[in-house]
Amino acid sequence: MKRIVTLTSFLIRDLFRSLAGMVPLACTLAFGIIAFEYGMDQPQFITIAGIGMGAICLATTLVLASRANRASSFLLVARLHRRTELLAALVLSSLAITTTLALFMALANLLAGRLTLDFPMALWTVPTWLPLWLLAASLALPLSGLVGRGGSHLLGYVLLAGLLVANDRKAFLARHGMDWLSRIVEAVLWPVNTLLAQASAGIYGKEYVLAWALTCAYAALLFALAASLFDDKDLLWSE
């Protein structure tokens, strides 16, 4: 655990010593300005900001993974007892960066009067967002060039885009006799949709707990997939 924490600290410092560190900062700034232009109440904040910062968490993990996918990382990887330690550090680094940026974004908009939160109920935002961001960071691992083999990460992007498009076009699918596909998409996305819907409504019962647990299970499965791909991958760097 100590090695993972040390590696997490190294990855964060390495990111913000490069121009790549501007990516999460610029994305958060742009999102904070655009999304909060007309103000937000607590339900909107939980849903919109949660998803928006989840996307930034995914992007941050991809940037961190690209930084790790260099010949200069050889000595670092070679000294690890298990390669999964690097993946765990990437996830923790992304979560730490995303949490910090989300906190500053929320405080800035609270002070500017563009965000309304109802305390102490607003504290439920933390356990609601955590599994979402964990899922986003875990999803980014198999989508990265560090972990992906051949074109496997490109296939992952295609599947993810297809899932999001199908979710957005459920009415179209129903009209064209593809209800089965719509039901599959709903079932796959049920944990995330239910988690956000229940939290936005201020309901924290059995459905919320089940959705929370399933979202964490999704993240664990994606992390296990990434670990399996990365464990015996030949690391060849162009440098």
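**Note on an all-helix chain**

1. The chain exposes about 12,900 Å², of which carbon and sulfur atoms supply 69%; the areas come from the Shrake-Rupley method with a 1.4 Å probe. This is a predicted model, in which local features need pLDDT of at least 70 and side-chain atom pairs count only at pLDDT 80 or more, while totals for chains, interfaces and linings use all residues. Residues are numbered from 1 along each chain as its sequence is written, and side-chain values use heavy atoms, with hydrogens and water left out.

2. The secondary structure comes to 10 helices and zero strands, where a helix is a DSSP run of H or I with at least four residues and a strand a run of E with at least two. Of the 239 residues, 41% count as buried, that is, under 20% relative accessible area, whereas exposed means over 50% and partly exposed lies in between.

3. The whole structure holds six aromatic pairs, meaning rings of Phe, Tyr and Trp (its six-membered ring) with centres within 6.5 Å, called stacked if the planes are under 30 degrees apart, edge-to-face if over 60 and tilted otherwise. In one of them, the ring centres of F45 and W129 lie 5.0 Å apart with planes at 55°, so the pair is tilted. F45 belongs to helix α3 (residues 42–68) and W129 to helix α6 (residues 125–143), 84 residues apart, and both F45 and W129 are buried.

4. W124 and Y204 form a stacked pair, 4.0 Å centre to centre with 15° between the planes. W124 is partly exposed, with a relative accessible area of 34%.

How values were computed:
Buried < 20%, exposed > 50% of the residue type's maximum accessible area, 1.4 Å probe, protein only.
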